[in-house]
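Please look over the sequence and the model below, and then follow a short report on the backbone, the packing of the helices and the confidence of the prediction.

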Amino acid sequence: MRTLYYPGMSEIRRLAHIERIPIRWGDMDAMGHVNNTVYFRYMEQARISWFDRLVPEQDAWQSTGIVIANATCNYRRAITYPGTVEVRLYAGAPGGASVPTFYELRVDADPMPYADGAATVVFIDMKTQKSRRIPEAIRARLERTEAAA
């Protein structure tokens, strides 16, 4: 099983999903690099694709949804057009209603991350829009999942 571990990190993070996203010309700003807000969109797209694979189709966005409680991004290097961003989503140990997620953004074949980030994902009941305990079937998948590249 592939895991991510940083010094000082208190938990193992399992690779849960890999998303490849083409960099669009319009992602860049006047400075000639991808705008900082777009890094969050890349992480969001990976998170939504992961959720869609994690939750049974009949439940996803019908009875079970997700929101984020917080999000961070550490910008390491500027991303520029053209290229493809590879977002690696790692999942931490699930709590009652939430799971910590962690992200690495790489470009093309470059092994060094251009950015990394994190977001706390909270599972919600779509009807009440309130947090809900992670369903046991989804929890089981969270605890054993590893990305299909």
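Asp108 is found in the loop that lies between strands β5 (98-107) and β6 (115-125), where helices (H or I, at least four residues) and strands (E, at least two) are DSSP runs numbered from the N terminus. The model is a predicted one, in which local features need a pLDDT of at least 70 and side-chain atom pairs count only at pLDDT 80 or more, while totals for chains, interfaces and linings use all residues. Residues are numbered from 1 along each chain as its sequence is written, and side-chain values use heavy atoms, with hydrogens and water left out.

Asp108 has a positive phi, near 50°, although this residue is other than glycine. Trp61, in the loop between α1 and β3, is likewise not a glycine and has a positive phi. The table sets out both residues, with buried meaning under 20% relative accessible area, exposed over 50% and partly exposed in between (1.4 Å probe, protein chains only).

| Residue | Phi | Relative accessible area |
|---|---|---|
| Trp61 | about 70° | 32%, partly exposed |
| Asp108 | near 50° | 48%, partly exposed |

Another backbone feature is the cis peptide bond that joins Tyr81 and Pro82, with an omega of about -5°; Pro82 itself lies in the loop between β3 (64-75) and β4 (84-91).

Turning to the whole protein chain, there are two helices and seven strands, and along the sequence they follow the pattern β-β-α-β-β-β-β-β-α. Of the 149 residues in the chain, 44% are buried. Among contacts (heavy atoms within 4.5 Å) between residues at least 6 apart in sequence, 67% join residues at least 24 apart.

How do the two helices α1 and α2 pack? Helix α1 (residues 36-54) and helix α2 (residues 136-144) meet at an angle of about 120°, and their axes are 10 Å apart. That angle makes α1 oblique to α2, given that angles under 35 degrees count as roughly parallel, over 145 as roughly antiparallel, 65 to 115 as roughly perpendicular and the rest as oblique. Trp50, Arg53 and Leu54 of α1 make the contact with Ile138, Arg141 and Leu142 of α2.

As for confidence, pLDDT is the predictor's confidence in each residue, from 0 to 100, and the protein chain averages 91, with 89% of the residues scoring at least 70. Over residues 1-8, however, the pLDDT is below 50, and this stretch has 20 contacts in the model beyond near neighbours in sequence. Where pLDDT is low, the predicted coordinates should not be read in detail.

Terms used. Axes fitted to C-alpha atoms, helices over the stretch in contact; angles between N-to-C directions.
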